[in-house]
Amino acid sequence: MMNLLLKPVSAAWLLLMLATCLSWWLGQDHGLSAAQTSDYRLISSGLMFIAFIKVRIVIRYFMEVRQAPLALKLVCDGWVVLVCGAILYLYWFGLSPVVSVIL
Amino acid sequence: MPGEVGIWVFILGDMVIFGLFFIVFVYYRGLDLELYLQSQATLNQNYGAINTLFLLASSWFVAMAVDDMRSKTTRLAPRFLVLAMLCGLGFTVVKIIEYREKFMAGITLTTNDFYMYYYIFTGLHFLHVLIGMGVLVFLWLKARAAVQRKGDLPIGDSEKGMMLIESGASYWHMVDLLWIVLFPLLYLMK
């Protein structure tokens, strides 16, 4: 039992629980959400970023992708980077900059 | 490879679909920010956070069970899986309470765009949780059988058996992973 608790996956789990509590606290209204202030946009971006770090920890340690073939590692990391990047980009800028480049 | 190739095709396919959901949501949110923020303010963040903790704990228990079965000690694996199922059940109960509150307040799928996404995303995810609970029951039965066989899995040769266990576990971790993104996306992002 003791040696199970000392495995990397347990440390990963502890980190995930702490990160969730941090997000929970950050997500509470600290009087910043009344107006869409730029501070709050940074906090929201931070929350998203934390979420995708958690996702990567789940993939690497729970799903054991850190011991998987390189191809699977790359596909998983590609998903994390693309989806997180797209969310943050659209959150800050929307699609209008892309559209204006195309037109 | 942690699990069979087939399960990874399924997992990655599911992740791509949900990834597109997330992106579509953020895009439409930007077009009608006021409405999305007002609607989001009615969600109970505590439910979302508690459910994240439930799924994280559940995932950890499953990881411990897999580790135990792999090392052929297996005495702890069925207990870990029962704990994992209890956490899954906790998620289910919180989700039902949350849906019920929303319905009682007259909020449905057609109330507005935010709630439409809220119900579809969390509903599809909830379906994954329910299927996952079935997977956990399967893993638990295999783990119990392994205890009786002094550590040997009852499925084919042990390598194949372990592969099946890992596949089920990976699916459950994916359910956890999707919720980790849904929580800040729907409940927290201002």
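Predicted model: local features only at pLDDT ≥ 70, side-chain atom pairs only at ≥ 80, totals over all residues.
The expected span of a helix is 1.5 Å times one less than its number of residues.

Helix α2 of chain A runs over residues 8–27, 20 residues in total. From first C-alpha to last, α2(A) reaches 28 Å, close to the expected 28 Å. Which residues of α2(A) are buried? They are Val9(A), Ser10(A), Ala12(A), Trp13(A), Leu16(A), Met17(A), Ala19(A), Thr20(A), Ser23(A), Leu26(A) and Gly27(A).

Ile59(A) counts as buried because its relative accessibility is 2%, and the cut-off for buried is under 20%.

Now look where the two chains both contribute. The second largest pocket has a volume of about 200 Å³. Its lining has 18 residues, and the closest to its centre are Tyr61(A), Glu64(A), Arg66(A), Asp67(B) and Arg70(B). The elements giving two or more residues to this lining are α2 and α3 (38–62) of chain A, along with α3 (45–70) and α6 (158–188) of chain B.

Finally, turn to helix α4 of chain B, residues 77–104, the place of Leu89(B). Leu89(B) is partly exposed, at a relative accessible area of 45%. Together with Val82(B), Leu83(B), Leu86(B), Val93(B) and Ile97(B), Leu89(B) makes a nonpolar surface patch of about 480 Å².

Key: Residues numbered from 1 in each chain as written. Chains lettered and ligands numbered in written order. Heavy atoms only, no water. Helix = DSSP H or I, 4+ residues; strand = E, 2+ residues; numbered from the N terminus. Buried < 20%, exposed > 50% of the residue type's maximum accessible area, 1.4 Å probe, protein only. Patch = residues over 30% accessible without salt bridge, like charges linked within 9 Å, V, L, I, M, F, W, Y side chains within 5 Å. Areas by Shrake-Rupley, 256 points an atom, 1.4 Å probe, with all protein chains shown as cover. Salt bridge = Lys/Arg side-chain N within 4 Å of Asp/Glu carboxyl O. 1 Å grid on protein atoms, 1.4 Å probe; cavity = no way out; pocket = protein on both sides within 12 Å on 5 of 7 lines; lining within 4 Å. Points joined across faces, edges and corners; volume = space filled by probe spheres on them.
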